[in-house]
Amino acid sequence: MKEVILKTFNEALQQTDKPMQYEEINDDAVLLETGLDSLGFAILVALLEEELDIDPFQIMDTPVYPRTFGEFVSIYESCNAS
């Protein structure tokens with residue numbers, strides 16, 4: 001799951017004209033410091049929905065806003081496991 005999210009993360013960076021690409025992102029990396037802005041995260045979630053056929057943010061009972069890359073991945077992993 002983490003590899004799919006990382007690949008899609010890089011695709012979202014590219015689509016928002018950000019110059020950086022990641023080979024790896026530390027789980028503790030703060031999302032706001034990774035280069036994606038709010039539009040980039042919207043694109044990332046939309047791309048992941050196309051790739052994985054899930055949008056965990058649409059099915060959450062209580063909204064969760066991940067602060068780190070690890071938290072973001074964990075949300076998708078827990079959604080995929082259920």
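Here is a short tour of this predicted model, one selection at a time.

**Stop 1: Leu6**

Start in helix H1, which covers residues 2–15, and select Leu6. Is Leu6 buried or exposed? Its relative accessibility is 13%, and buried means under 20%, so Leu6 counts as buried. Now show what surrounds this side chain. Leaving aside residues up to four places away in sequence, Leu6 touches Tyr22, Glu23, Glu24, Ile25 and Phe69.

**Stop 2: Thr34**

Next, move to the loop between H1 and H2 and pick Thr34. With a relative accessible area of 3%, Thr34 is buried. Zoom in on the polar part of its side chain: a polar atom there lies 2.6 Å from the backbone oxygen of Leu31. Then bring up the neighbours of Thr34. Not counting residues up to four places away in sequence, Thr34 touches Phe9, Leu13, Met20, Tyr22, Ala29 and Phe41. Keep Phe9, Tyr22 and Phe41 in mind, as they come back at the last stop.

**Stop 3: helix H2**

At its start, look for Asp37, where a side-chain oxygen comes within 3.3 Å of the backbone nitrogen of Leu39. Which residues of H2 are buried? Colour Gly40, Phe41, Ile43, Leu44, Val45, Leu47 and Leu48 to see them. Just past the end of H2, click on Asp53, which takes a positive phi of about 60°.

**Stop 4: the aromatic rings**

Finish by selecting Phe9, Tyr22, Phe41, Phe57, Phe69, Phe72 and Tyr76 together, as these residues form one aromatic cluster. How many aromatic pairs does a search of the whole structure find? The search finds seven. For a closer look at one pair, keep Phe72 and Tyr76 on screen: their ring centres are 5.2 Å apart and their planes meet at 50°, so the pair is tilted. Both residues are in helix H4 (residues 69–81), and because they are four residues apart there, about one helical turn separates them. Phe72 and Tyr76 are both buried.

Conventions: Residues numbered from 1 in each chain as written. Predicted model: local features only at pLDDT ≥ 70, side-chain atom pairs only at ≥ 80, totals over all residues. Heavy atoms only, no water. Phe/Tyr/Trp six-rings, centres within 6.5 Å; stacked < 30°, edge-to-face > 60°. Helix = DSSP H or I, 4+ residues; strand = E, 2+ residues; numbered from the N terminus. Buried < 20%, exposed > 50% of the residue type's maximum accessible area, 1.4 Å probe, protein only. Polar contact = N/O pair within 3.5 Å; in protein donor to acceptor, adjacent residues only side chain to side chain. Contact = heavy atoms within 4.5 Å.
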